Amino acid sequence: MASESLNPKDSLTENDYQSKGLLLTGMLLLSLLLITWLLESLGTDLNAARWAFSPSEGWPLGEQQPWQWIHRYGTIPGFLLTLAAIPAWFFCQRSQRYYAWRRYVLIYGLTSIIGAGILVNALLKEHSGRPRPRDVVEFGGNWEYRDALDFGTPGKGRSFPCGHCSIAFTLTSGIVFWRLSRKFAVLSLFLGLIYGILMSIARIVQGGHFITDAIWSLGVVLLTLTVLYYFVYQPPLNSQKPVAKLTLK
């Protein structure tokens with residue numbers, strides 16, 4: 001990757017970056033809400049689950065390859081890349097040539113840890129109370145179906161959002177390197193979306209998640225990336241400043 005020359009006299013100020021961040025955050029949230037409303041109005045979640053479910057066989061597609069393999073091993077690339085961000089950050093901290101990269105690398109790693117790890121898997125999945133497809137009465141389960149944002153009793157369902165999908169979608173976080181290498185950023189975004197979609201299909205045909213679960217997994221990852229980029233670290237404005245602790249400005 002060829003690094004661009006970052007101009008310390010960037011025409012955008014901190015307030016400009018925060019304003020742009022607010023705009024992008026609002027657009028992401030609005031898009032997620034509109035897509036969720038549309039899919040639920042059309043009954044897409046239940047229809048997709050009905051397509052994958054067989055009253056006599058359960059979830060037969062989910063037992064086939066490559067879906068079994070993706071479910072079992074598909075989170076490994078995300079975990080490895082997150083771990084790789086740690087030594088990469090230390091390297092950038094000590095390299096004169098790549099010193100300006102360290103905030104981008106930090107954002108990449110923290111997007112996975114905070115977005116997929118804390119927000120999706122530790123908080124939302126544990127407290128949303130949305131039953132998985134295989135747990136609702138329509139597909140032989142014991143619990144009532146709930147819409148994506150119709151939060152139920154914590155512990156009665158861990159469907160929203162999709163944890164496996166969120167880890168797969170963290171591969172899109174390479175878009176953060178846009179200023180340093182647009183080819184790499186676009187490639188990372190494209191591969192991350194494709195990989196996340198494949199993981200989403202695997203979890204849907206296995207009765208583990210609904211379509212809206214997967215969509216919100218991607219949404220949480222992108223929202224985390226946006227907040228870290230525009231409000232916390234702002235790498236284009238702070239490329240030569242020491243990295244401070246994780247606090248909102």
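Helices here are DSSP runs of H or I with at least four residues, numbered from the N terminus. The model is a predicted one, in which local features need pLDDT of at least 70 and side-chain atom pairs count only at pLDDT 80 or more, while totals for chains, interfaces and linings use all residues. Residues are numbered from 1 along each chain as its sequence is written, and side-chain values use heavy atoms, with hydrogens and water left out.

The buried residues of helix 1 are Tyr17, Gln18, Gly21, Thr25, Leu32, Thr36 and Leu39; buried denotes under 20% relative accessible area, exposed over 50%, and partly exposed the range in between (1.4 Å probe, protein chains only). Just after helix 1, glycine 43 adopts a positive phi of about 70 degrees.

The largest nonpolar core contains 44 residues. Such a core is a set of buried Ala, Val, Leu, Ile, Met, Phe, Trp, Tyr and Cys residues joined through side-chain atoms within 4.5 Å. Helix 8 (211–233) contributes the largest share of this core, ten residues. Tyr229 is one of the residues with the most contacts inside the core. Leaving aside neighbours within four places in sequence, tyrosine 229 touches Tyr17, Tyr104, Ile107, Val176, Arg179, Gln234, Pro235 and Pro236. Another core, of five residues, lies apart from the largest one and includes Leu32, Ala148, Phe160 and Trp216.

Four salt bridges are found in the whole structure, each defined as a side-chain nitrogen of Lys or Arg within 4 Å of a carboxyl oxygen of Asp or Glu. One of them joins the side chains of arginine 130 and aspartate 45 (2.9 Å, N to O). This pair links distant parts of the chain, with arginine 130 in the loop between helix 5 and helix 6 and aspartate 45 in helix 2, 85 residues apart. Arginine 130 is buried, at 0% relative accessible area, and aspartate 45 is buried at 3%. Glutamate 126 forms a salt bridge with arginine 158, their closest N and O atoms being 2.5 Å apart. Glutamate 126 lies in helix 5 and arginine 158 in the loop between helix 5 and helix 6, so this pair ties together parts that are 32 residues apart in sequence. Glutamate 126 is partly exposed at 33% relative accessibility, as is arginine 158 at 31%.

Terms used
Helices (H or I, at least four residues) and strands (E, at least two) are DSSP runs, numbered from the N terminus. Contact means heavy atoms within 4.5 Å.
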